[in-house]
Amino acid sequence: MKLVIAEKPSVAMSIAGVIGAKEKQDGYCQGNGYIVTWCVGHLIEGASPEEYDSAYAEWNLDTLPILPQKYKLVVSPNTESQFKIVKELMNSSEVTSLICATDAGREGELIFRLVYEVAGCKKPFERLWISSMETQAIKDGFNSLRPGSDYDNLFKSAYARMRADWYVGMNFSRLFSLLYENRLSIGRVQTPVVNLIVQRQLEIDNFKPVPYFILEADCGEFIAKSDKYDKKEVAEALTQMCNGESGKITKFEEKQHKDNPPTLFDLTTLQRVANKTYGYTAQQVLDTIQSLYEKKLLTYPRTDSKYLTDDMISSTGELVKNLLQSHLIDNNTKSYVDKEKICIDKVVDNSKVSDHHAIIPTTTLLNKDISDLSKTELNCLNMVIYRLIEATYIPCVYNETSVTLEVNGKEFFAKGKKVIDSGYKVIFNNLLQSEEENSVTLPSSVELNREYANVSVSMVEKKTTAPKPYDDSSLLSAMENAGKQLDDDTLKTVLKQCEGIGTPATRAGIIEKIIKTKYVERKKKALYPTQKAFALIKVVPDKIKSVELTANWEQQLDLISKGKVSDDDFLNELFIYIGNTCNECISHRKEVDKTDFKQDNIVGKCPRCGKNVLEYPKSFTCESGKNGCGFTMWKNDRFWSEKEKTLTTAMAKKLLSDGKVKVKGLYSPKKDKKYDCTVALVDTGKYVNYKLLF
């Protein structure tokens with residue numbers, strides 16, 4: 001028997017169906033000489049600090065840095081039952097060998113190897129590496145299994161990244177939380193991302209509009225504009241000098257331009273376009289296309305490539321042809337696209353495909369009923385379908401006319417654009433049912449040496465505008481191009497090669513995490529830093545909040561995956577950095593200013609003593625402390641837990657300011673139903689109680 005281990009149940013079921021393992025059991029399927037089971041994501045995780053030493057259970061500066069030489073792994077409590085099944089199957093006498101069928105990438109490799117290690121398995125294993133869940137792709141993958149040892153260095157790279165993130169996050173989160181008496185989450189990638197958002201907001205806050213002036217020359221047939229002028233008096237003088245004078249076309253140039261089609265989607269580009277088009281967050285897009293992948297409608301989503309490989313030319317050409325004949329494409333596009341002008345070669349480049357090719361529809365889609373897809377799924381699926389048609393179609397061709405009008409020795413400029421062939425641009429417009437780009441043409445009478453009498457020249461005052469806050473789309477772009485911030489050309493090149501900070505698969509999660517940890521707020525589509533974020537970025541060292549650390553890491557991890565650098569050497573160097581940073585910060589702890597962080601977690605005034613009530617992970621407590629008035633509102637107080645509610649920050653603020661708060665969805669154990677009611681704060685001076693006001 002061969003044991004196949006997939007990453008998720010849905011993937012395992014697809015594989016089992018193809019290889020004939022159709023007999024369902026508890027936690028696995030079997031048949032035709034195979035057993036197929038799954039991991040449900042990460043079954044194994046890093047041990048918590050207290051599992052190394054009970055002294056680490058309490059956060060204390062005296063215990064830092066925490067740098068255990070041997071990294072401990074534990075079974076995730078949430079998936080312990082599935083791990084037992086996988087472990088038992090791995091070590092079963094019926095199983096002779098294994099096939100790793102987790103997602104084909106660094107994290108997928110890590111998931112399988114950690115289970116293999118903790119289960120104590122020593123049996124040989126092979127690697128299934130596929131980019132689609134289609135039947136033929138799975139069959140082809142099983143016909144070309146590779147030795148598991150081929151991916152040993154990939155695992156070492158993934159495992160080194162996992163351990164390094166644990167050491168950095170755990171030590172620095174404790175260090176700065178203790179120094180500033182506020183629960184702070186620090187991470188190699190998330191902290192530089194918070195810094196990006198803070199710096200953008202500082203640019204906006206400190207921005208001062210600068211006026212500038214443009215002259216407009218109206219010839220009657222068209223309007224030409226001057227360059228910008230910073231000084232109003234100069235612009236006014238030129239206006240007076242030119243207004244009413246005659247003008248002459250001194251330069252006339254007409255050129256044909258081509259606007260080439262976009263590339264195919266990688267994950268980040270798809271997330272950005274979906275955010276701009278539909279307002280979907282990066283996480284929504286990732287979850288959606290992962291679902292479409294598991295339904296065999298799209299190829300592997302967590303890719304950083306925008307190209308296909310040579311061996312896909314024929315099949316992709318056939319796919320495009322069939323899509324254009326299917327119900328998946330609107331009739332306007334079907335009648336518009338000339339199939340003879342489709343060129344698959346445009347999207348093929350072996351050198352730009354590493355683990356996985358670009359995201360494209362599957363051939364399975366052609367025969368699938370998609371009527372039960374959600375609106376979000378349908379929108380994301382259509383975007384990928386239409387992008388494939390767009391990317392393989394002809395360029396948009398247009399003529400651009402540039403003229404220079406001279407009035408009393410002063411030059412004014414105008415441009416006209418006439419679309420000759422809209423090419424690919426009509427396709428996505430058809431999907432969105434939006435208008436085609438209009439041509440902006442100059443009159444045909446405009447020609448070289450043409451003269452105009454009594455040209456009307458006026459001055460227009462404008463102002464420079466502040467940069468916009470980040471949204472998911474622009475933040476993803478900033479993360480992808482983070483290397484541009486670095487001065488070191490080598491590190492800049494590294495980040496460019498590894499597509500910035502984070503990975504296509506993790507960036508969405510990072511954005512959601514910095515929102516969850518209250519560093520960032522999402523208002524409509526925009527992302528704004530909180531006071532807590534400003535305070536954090538003010539105090540953490542440059543190396544932690546810049547992208548330099550990630551650039552160094554990615555350089556080393558890439559070399560580890562190629563077998564050119566030892567993972568132990570990488571970690572030992574990291575230990576020195578963590579130790580030095582902790583010791584340096586702790587030695588200056590008396591100089592720490594906690595003011596900014598206290599402002600961040602103030603929720604109101606204490607009803608007992610009038611001091612500030614501060615928010616902590618489990619409570620809202622008076623800053624007077626244990627020896628003060630003792631006022632505390634626990635977030636999971638028995639009153640709230642019985643009603644299946646948690647006391648939120650907004651509720652606490654209302655209770656402290658108004659003495660009461662209206663709460664929806666309180667649970668009644670007696671009546672077994674939910675109800676809405678106003679809750680009043682009743683403080684006895686010793687105990688904090690609550691009362692329902694019906």
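Select C100 first: at 0% relative accessibility, this cysteine counts as buried, a word that means under 20% relative accessible area, whereas exposed means over 50% and partly exposed lies in between (1.4 Å probe, protein chains only). The model is predicted, so local features need pLDDT of at least 70 and side-chain atom pairs count only at pLDDT 80 or more, while totals for chains, interfaces and linings use all residues. Residues are numbered from 1 along each chain as its sequence is written, and side-chain values use heavy atoms, with hydrogens and water left out.

**Cysteines**

A disulfide is a pair of cysteine sulfur atoms within 2.5 Å, and by this rule the count is zero. C100 is in no disulfide, since the nearest cysteine sulfur, that of C39, is 8.2 Å away.

**The nonpolar cores**

A nonpolar core is a set of buried Ala, Val, Leu, Ile, Met, Phe, Trp, Tyr and Cys residues joined through side-chain atoms within 4.5 Å. Select M90, L98, F172, L175 and F176, the residues with the most contacts inside the largest core, which has 143 residues. Helix α5 (residues 152-180) provides the largest share of this core, 15 residues. Helices (H or I, at least four residues) and strands (E, at least two) are DSSP runs, numbered from the N terminus.

Which residues surround F172, apart from its neighbours within four places in sequence? Contact means heavy atoms within 4.5 Å, and F172 is in contact with I186, I544, Y577, I578, T581 and C582. A second, separate core of 23 residues includes C622, F639, L647 and L656.

**Salt bridges**

Side chains of opposite charge can pair when their charged atoms come close. A salt bridge is a side-chain nitrogen of Lys or Arg within 4 Å of a carboxyl oxygen of Asp or Glu, and the whole structure holds 27 of them.

Select E109 and R113, whose closest N and O atoms are 2.9 Å apart in a salt bridge. Both residues are buried. They stand four residues apart in helix α3 (residues 106-118), so about one helical turn separates them.

E181 is partly exposed at 45% relative accessibility, and K594 is partly exposed at 26%.

A further stop is K425 with D259, a salt bridge of 2.9 Å, N to O. Because K425 lies in helix α13 (residues 425-432) and D259 in strand β12 (residues 247-259), the pair ties together parts that are 166 residues apart in sequence.

**A buried asparagine**

Select N382, found in helix α12 (residues 375-391). Is N382 buried or exposed? With a relative accessible area of 15%, N382 is buried. Leaving aside neighbours within four places in sequence, N382 is in contact with L328 and L431.

**A hairpin**

Finish at strands β24 (residues 660-668) and β25 (residues 673-683), which pair in the antiparallel sense over seven bridges; two strands pair if DSSP finds at least two bridges between them. K660 has A680 in β25 as its bridge partner. Four residues lie between the strands of this hairpin, where D672 takes a positive phi near 55°.
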